[in-house]
Amino acid sequence: MKLLAYPFVLSLLLAKPDAQAQTPQQWTSQTTGTIVRVTNPGGQTLGYSTASGVKLLTVDGLAFKDLNKNGRLDPYEDWRLPALDRAKDLASRMTVEQIAGLMLYSKHQPIPAAPAGPFAGTYGGKVFAQSGANVSDLSDQQKAFLTNDNLRHVLITSVQSPEAAANWNNNAQALVEGIGLGIPINSSSDPRHGTRADAEFNAGAGGTISMWPGSLGMAATFNPELIRQFGQVAAAEYRALGIATTLSPQVDLATDPRWNRVSGTFGEDPKLTTDLARAYIDGFQTSTGKQEINNGWGYTSVNAMVKHWPGGGSGEGGRDAHYGYGKYAVYPGNNFSTHLMPFIDGAFKLNGKTSTSAAVMPYYTISFGQDKKYGENVGNSYNKYIVGDLLRQKYRYDGVVCTDWLITADETAVDVFLTGKSWGVEKLSLAERHYKALMAGVDQYGGNNDAGPVMGAYQLGVKAHGETAMRARFELSAVRLLQNSLRVGLFENPYLNPEQTKQTVGKPDYMNAGYQAQLQSVVLLKNKRNALPISKGKKVYVPKRFVPAGRNFLGIPTPESNNYPINVEVLKKYYTLTDNPAEADFALVVIESPESGGGYDKETARDGKTGYVPISLQYRPYTAQGARNPSIGGGDPLENFTNRSYNGKSTKTINATDLTMVTDTYAKMNGKPVVVSVRLNNPMVFAELEPSTNAILANFGIQDQALLDIVSGTHEPSALLPMQMPANMRTVEQQAEDVPRDMQCYVDADGHTYDFGYGLNWKGVINDARTATYKRNVLTLK
């Protein structure tokens, strides 16, 4: 530490303790249980646990936490200093082992820990149900990685209740506050504001957490201001849960319509995605008024980890890089630079005072053929050109770069979700993988609780560059990581009041804002002869939806079901339900877009054949004709071939019975209105079902009640398609994986084209300021 950089701090360090105490104490404190809250007039409020052993220092009449318990006010403990200065001071005091722990990002942590499976944990050696532990207690595994591995970044998944999350946070913060330098935990979450379709909304009642439409639904509003407001609400709820980092937004351009992560994006258009990315991050990161500490950062700020650099939406054949069979992103349209727009013109150029996103996550993919300097085809986090030359140097990004989860682990199968994803570096050792990513410009390793390989990377660096250089490289990452905790006030007060948490998370105002956003996210695609709206009180026929047994995105088996696809009790508040189409005034058919799997079928990989099959966006069986052959990308240690073409192969859709529901219902209704509500997880071929409908509503994750508010005319539809709907599978095969808005779109019986930016209201096709702004020619970065 260079003390000359802190002249007034140097005088404090040289002063005698009793000399510091001569200034009258100005701060006051209040104790609740084991948590002490300290108020500094005109300064920051502190919180600490009596169980941690931390004491207070009084300097100039103000209180500071003596986190390292040395009896002196060190620069990193002084909340009056800039976060960067504090981070540099603290990094200089940390051991290499402590920095290695800071560079870890935990595996998924449900609260309480699961009894079995990949996210299992124990309490005193027993599963939670048999342990007698409280739901907010730390698991054995959490205590181990916090204490032994110095891990300080935790990914929280499910929580039993908001209060449980708050109490767990307090227990975890008290543990680490009493260890070493007192560095707090920075907890994170993947998006957790999705809807439960069957949940009933009551404007006067709260909920577990506010429910908003999915990312595509947000995009369908074409309203950046709404997305900024969502960020503000979500940030308030996150901080009340103890979450200070969001692993979002996902701003990948969904330029291939078959990708199974399209639903998590803002669609395929670069300008719309760029504007929504900027608004989303501004909402999450910006604190105002008394909550602001400095430069827009503060106690209501949540660090946004934008993903996935440099864009993951161009996987060959639409396959996803969570799996070995989808490791290659391809660019047949030479459109790589357009995928950078949401980052460099959105996430890195915010309107708010925080200026840029706090963190970036590269995707698993090998951006095939895009390394223009070193010529490597390796996963993005390992690629020095992608991270070092482009992100760090050309675009001058100096925030945290965190790998996606499990990229350093070994691959065990090409079609398993929870396996290692060390694409392109499979032959390197664990330590070598960590070292290669570090030297490419990465700061942190997602899904790794073990500091051992990070220390191994350090030793490799010492051999190559010397101790001084490698220590400096570690400190560079430490400063970036520490800033994200310092700027949001975690060093001053990481503790929560569970009662306040209960009042904040899912409070009525937030629930109402989410519900109104849902209403604004529904796209009316077809309304033949003004079939909608249908007044309340009519009789409705709703066919039960049969779904055969299958497997979800994680590969987990899903059971067969045959149930009403809508909350019947909610439905009855709008209409009279009948199982007899003959007596119904209209039919409401609730379905989902076609689902055909991820593009790989191990059953076809026998007898010397490959397992690659097409991904279909139609319900009927599909055989690929004219698909690319040979493939652009190919090669895996577990495969003895490189051509991944699926031309001539066939696939079936898991939910083909959804189409049958529509056609059968249309026949049964004998000319009476058939309204179809389809949840779009991906674009789909509407040619199969549109002729058997009178009205089509598309949604991207809403409550049944919101759907019924649209059907009944309580709310008028206003959303627009954030993606093109293909005319057929031929245009899907012909489009380039990396190019947005390059498909022939479906034209319905009324002559309406289901293109990007299309939507109806009760009067007809919507043409407004949004369509004028975003339906122009696709932008490309020059």
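Biologist: In which crossing does helix 17 pass helix 20?

Modeller: Helix 17 passes helix 20 in a right-handed crossing. A crossing is called right-handed if the near helix is turned clockwise from the far one by less than a right angle, and left-handed if anticlockwise. Helices here are DSSP runs (H or I) of at least four residues, strands are runs (E) of at least two, and both are numbered from the N terminus. Please note that this is a predicted model, in which local features need pLDDT of at least 70 and side-chain atom pairs count only at pLDDT 80 or more, while totals for chains, interfaces and linings use all residues. Residues are numbered from 1 along each chain as its sequence is written, and side-chain values use heavy atoms, with hydrogens and water left out.

Biologist: At what angle do helix 17 and helix 20 pack?

Modeller: Axes are lines fitted to C-alpha atoms, for helices over the stretch in contact, and angles run from 0 to 180 degrees between N-to-C directions. Helix 17 (residues 508–519) and helix 20 (residues 704–711) pack at about 50°, and their axes are 9 Å apart. Angles under 35 degrees count as roughly parallel, over 145 as roughly antiparallel, 65 to 115 as roughly perpendicular, and the rest as oblique. Helix 17 and helix 20 are therefore oblique to each other.

Biologist: Which residues of helix 17 and helix 20 make the contact?

Modeller: Contact means heavy atoms within 4.5 Å. Helix 17 contributes Tyr-515, Gln-518 and Leu-519, and helix 20 contributes Gln-705, Ala-706, Asp-709 and Ile-710. For the classes, Ala, Val, Leu, Ile, Met, Phe, Trp, Tyr, Cys and Pro count as nonpolar, Asp, Glu, Lys and Arg as charged, and the others, Gly among them, as polar. By class, this contact has four nonpolar, two polar and one charged residues.

Biologist: How is helix 3 packed against helix 15?

Modeller: Helix 3 and helix 15 pack at an angle of about 135°, with axes 8 Å apart. That makes helix 3 oblique to helix 15. The crossing of helix 3 past helix 15 is right-handed. Among the residues that meet are Ala-83, Ala-87 and Leu-90 in helix 3 and Ala-478, Val-479 and Leu-482 in helix 15. By class, the contact of helix 3 with helix 15 has nine nonpolar, two polar and four charged residues.

Biologist: Which residues of helix 3 are buried?

Modeller: An α-helix has 3.6 residues a turn, so residues three or four places apart point the same way. Buried means under 20% relative accessible area, exposed means over 50%, and partly exposed lies in between (1.4 Å probe, protein chains only). In helix 3 (residues 83–93), the buried residues are Ala-83, Arg-86, Ala-87, Asp-89, Leu-90 and Ala-91. They pack against helix 4 (96–102) and helix 15 (467–486).

Biologist: Where is Ile-183 found, and which residues does Ile-183 touch?

Modeller: Ile-183 is in the loop between helix 7 (162–177) and strand 9 (186–189). Its relative accessible area is 7%, so Ile-183 is buried. Not counting residues up to four places away in sequence, Ile-183 touches Leu-90, Met-94, Leu-102, Arg-152, Val-176, Leu-482 and Phe-491. The C-alpha atoms of Ile-183 and Asn-68 are separated by 9.2 Å, although these residues are 115 residues apart along the chain.

Biologist: What is the phi of Lys-69, and is Arg-396 buried or exposed?

Modeller: Lys-69 has a phi near 60°, a positive value in a residue other than glycine. At 36% relative accessibility, Lys-69 counts as partly exposed. Arg-396 is not a glycine either, and has a positive phi of about 55°. With a relative accessible area of 74%, Arg-396 is exposed.

Biologist: How many disulfides does the count give?

Modeller: A disulfide is a covalent bond between the sulfur atoms of two cysteines. Here the rule asks for a pair of cysteine sulfur atoms within 2.5 Å, and the count comes to zero. Cys-402 is buried, at 0% relative accessible area, and Cys-745 counts as buried at 10%.
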